[in-house]
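Dear colleague,

Please find below the structure that I promised to hand over.

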Amino acid sequence: MSNQNTRRKKQKLTPESQFRCTLDQCSKSKDLSAAITLYESSSNPTLTLNNLNSLLYICSEALSNPNIRQSAIDFGFKLFRNHSNENLNPNEATLTAVARLAAANGDGDYAFDLAKSVMKQCAAPKLRTFTPALNCFCGAGAADRAYEVEEHVVSAGLQLEEPELAALLKVSVETGWEDKVYEYLHKLRRTVRGVEESTMATIESWFRKDKALDVGLVSLDTEQIKEAVAKNGGGWHGLGWLGKGEWVLQKTNVASEGTCPACREQLVCVDTNRAETDKFAQSIASLAMERERQPNFKEFQEWLEQHSGYETLVDGANIGLYQQNFAQGGFSITQLDAVVKEVHRKTQKQPLVVLHRQRVLSLLEDASKRELIDEWMDQGVLYETPFGSNDDWYWLYAAVKLKCLLVTNDEMRDHIFELLGSNFFSRWKERHQVRYTFVKGSLKLIMPPSYSVIIQESEKGSWHVPLAGEISDESSRTWLCATRSGSNES
């Protein structure tokens, strides 16, 4: 009975439905030959946009097979020529697929024109729309044209990722354009934490070139370099190649405290730069003002201007409620007091504890806790956030504005923090968040790492480049150390 029903359903399929069903199978298996046969045997070759895109997708997926590569290119172009004028209004997926075919055929100009046409049609381009042209130009050594593609990518509000940056770096290395090599090393630094093996090989090839021997600025003084490094948050100056002479390359592992065994330089924990940090603080304040009672948060901002000497912020609620999900659990002021005392011991300065007023009033009702709360208030340790406020805005804004350490185990992943963006935020947390744990009542503060796993450029002109990969022990990560005998000595 079941088989009869299946046969009846098949018999009811229209030619168009049967075509689509078979095409879906070809697309799933990426079978170019079957797709060509299906198309050529069709009595009505008029296609919907969806069908055209499916066929072009099959063609573009076949480009990696050298045996059918040219057939895929020819068939794809034939489809586009025959059906682009059938009022189909090619979309981004259509034009991207044809751009891939054009690039595979060595026609970077056509691939680029197709990418630009997406923007002209007011469609939203994607990075994949420009990648075929960029890779084609890079592969052909046409550096100027590749840089032009990058300009269009940026103007479209898109951000290049490692594969595209690595291609631009490689063509810059091959053409000996030292300023562009420097530029793309820094773009990689901003985009990725560690680089892939192929990117590492490209970077090595640059430092081994004769051209790399000649690069180097000689007119910068040490103070100018130090000021640039400080302004940028550490780990890079961005002023250009420093030093002179041959580059010495070594693959090494960085010690846990951040010392490079190859050159003995100290890697740093890279902070966000001043402009970024100030902009971030402003964005937090703007969002807080939208969601909080404005007079309350404005009052906090004014108070903070008058009390800007704190070096550590403490998320009181997060610590007081840590591991308190048991029958007799509640708010542990003992844990919070331990954190306050440990921070003071380490820094010789009192932290600022941010705690909601309702929580403070509750603690004051307990005679055994009142004395400690009164002591914190007298010493300026405690700031109470008012009723109707979310204390998250307060401790985060203060930590960013004052460029403080922040003691909290809050992962800061909820909707409030998503509004702030992930790239900058993750970098800021790495440098400023202090985590903690209590093991059998004993506190341990987990300080930020002593160095950042990111491309670093030193004040002396040396470079340290980490290899990408998830590893359990950072001391086993491979780094490329590139230094030179005539480095800029402090």
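**Strand pairing and helix packing in the sheet**

Strands β3 and β4 are paired in parallel through four bridges. In this predicted model, Val353 has Leu382 of β4 standing opposite. On the other pairing, β2 and β3 also run in the parallel sense, joined by three bridges, and here Val314 stands opposite Val353 of β3.

These strands belong to an open sheet of six, ordered β4-β3-β2-β5-β6-β7, with mixed pairing. Its edges are β4 (382-385) and β7 (442-446), each of which pairs on one side only. Ignoring direction, neighbouring strands are turned by 25° against each other on average.

Further along the order, β2 (residues 312-315) runs parallel to β5 (residues 405-407), and three bridges join the two. Leu313 has Leu406 in β5 as its bridge partner. Packed on the sheet is helix α18 (residues 333-347), which touches β2, β3 (352-356), β5, β6 (433-439) and β7. The direction of α18 makes about 55° with that of β7.

A further helix, α19 (residues 357-364), lies across β3 and β4 and runs at about 90° to β3.

How many of the five residues of β3 are buried? The count is five of five, and the strand is mostly covered. In general, side chains in a regular strand alternate between the two faces of the sheet.

With kind regards

Terms used:
Residues numbered from 1 in each chain as written. Predicted model: local features only at pLDDT ≥ 70, side-chain atom pairs only at ≥ 80, totals over all residues. Heavy atoms only, no water. Pairing = 2+ DSSP bridges. Axes fitted to C-alpha atoms, helices over the stretch in contact; angles between N-to-C directions. Contact = heavy atoms within 4.5 Å. Buried < 20%, exposed > 50% of the residue type's maximum accessible area, 1.4 Å probe, protein only.
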